[in-house]
Amino acid sequence: MTHDFDEDYWEGHWRQVPRDGRGRVVEPNPHLVREVGDLPPGTALEAGCGEGTEAIWLASRGWRVTAADISADVLARAAARDTGSRDDPTWVRADLTTWQPDARFDLVTTHYAHPATSQSEFYDRIAGWVAPGGTLLIVGHTHVEGHTHSGHEQAGHEHAGEHWPPAEASATAAGITARLDPGDWEVVTAEERTRTLTAPDGRAVPLHDVVVRATRRR
């Protein structure tokens, strides 16, 4: 089954995802913590922020965060969360296939965002929003043969279920890095990893991730 991954799709998706309880601790993506935890804070964009876990974590570390998503429903959830931070993220409703930020960022991150365009084109767009000397961090899905994707799936989010992304919403480390001009980028990390989440019902759910971190030279 293929999907448009447009606004209607994502609003439908989030309507079916249980809301996080206010004040409940949700851990940020471990790839984010590992890859940017030691970077000096500056300006950051979380592209396709979902419920805001990664954006809130970055803000708690001193980053000035813009968090963008196409879904009004999920942005309302994110903004309602009690972060405990003096500098909450700025929540922006945006179609990232057409939106343009006013300035470039010291850090641009994305975690499992699937836009209404190809994954490669999406990664090209957000890479263009990284300031010279800044960092791009892409965390996505690798495609796993034999698994299917159906309905308003929750794979790759902290509410993971037994569904898997279709090939058009997947990427490889080699495919991403091939689009980063070595004259403009230094690739720091290019990996494909498997990790395990615990679903709300206690089941262990494997995730097959692609992680690319690069620094813009100019």
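Is Thr53 buried or exposed, judged by relative accessibility? The points below take up this residue and then the wider structure.

1. Thr53 counts as buried because its relative accessibility is 10%, where buried stands for under 20% relative accessible area, exposed for over 50% and partly exposed for what lies in between (1.4 Å probe, protein chains only). The model is a predicted one, in which local features need pLDDT of at least 70 and side-chain atom pairs count only at pLDDT 80 or more, while totals for chains, interfaces and linings use all residues. Residues are numbered from 1 along each chain as its sequence is written, and side-chain values use heavy atoms, with hydrogens and water left out.

2. Thr53 lies in helix H3, residues 53-60; helices (H or I, at least four residues) and strands (E, at least two) are DSSP runs numbered from the N terminus. Leaving aside residues up to four places away in sequence, Thr53 touches Val26, Glu27, Pro28 and Arg81, a contact being heavy atoms within 4.5 Å. With Arg81 there is also a polar contact between the two side chains, at 3.1 Å; the term covers a pair of N or O atoms within 3.5 Å, of which, within protein, one must be able to donate a hydrogen and the other to accept it, and residues adjacent in sequence count only if both atoms are side-chain atoms.

3. In helix H4 (residues 72-80), the buried residues are Asp73, Val74, Leu75, Arg77 and Ala78, and they pack against helix H1 (7-15), H3, strand E2 (64-69) and strand E3 (90-93). At the start of H4, a side-chain oxygen of Ser71 comes to within 3.3 Å of the backbone nitrogen of Asp73. Ala79, also found in H4, is partly exposed, with a relative accessibility of 46%.

4. The largest nonpolar core has 25 residues, of which Leu45, Val108, Ile126, Trp129 and Leu136 touch the most other members; such a core is a set of buried Ala, Val, Leu, Ile, Met, Phe, Trp, Tyr and Cys residues joined through side-chain atoms within 4.5 Å. Among the elements that each supply at least two of its residues are strand E1 (43-47), helix H5 (119-127) and strand E7 (204-216), and H5 gives the most, with four residues. Apart from this core lies another of 19 residues, among them Leu32, Leu137, Leu197 and Val211.

5. Gln119, which is found in helix H5, is buried at a relative accessible area of 5%. A polar atom of the Gln119 side chain lies 3.4 Å from the backbone oxygen of Ala113.

6. How many salt bridges does the model hold? The count comes to ten, taking a salt bridge as a side-chain nitrogen of Lys or Arg within 4 Å of a carboxyl oxygen of Asp or Glu. Arg213 and Glu35 form one of them, with their closest N and O atoms 3.4 Å apart, and this pair links distant parts of the chain, since Arg213 is in strand E7 and Glu35 in helix H2 (residues 30-36), 178 residues apart. Both Arg213 and Glu35 are buried.

7. Arg77 and Asp73 also meet in a salt bridge, at 3.0 Å from N to O; because they are four residues apart in helix H4, about one helical turn separates them. Both of these residues, Arg77 and Asp73, are buried. By contrast, in the salt bridge between Arg179 and Asp124, at 2.5 Å, Arg179 is partly exposed at 43% and Asp124 is partly exposed at 33%.
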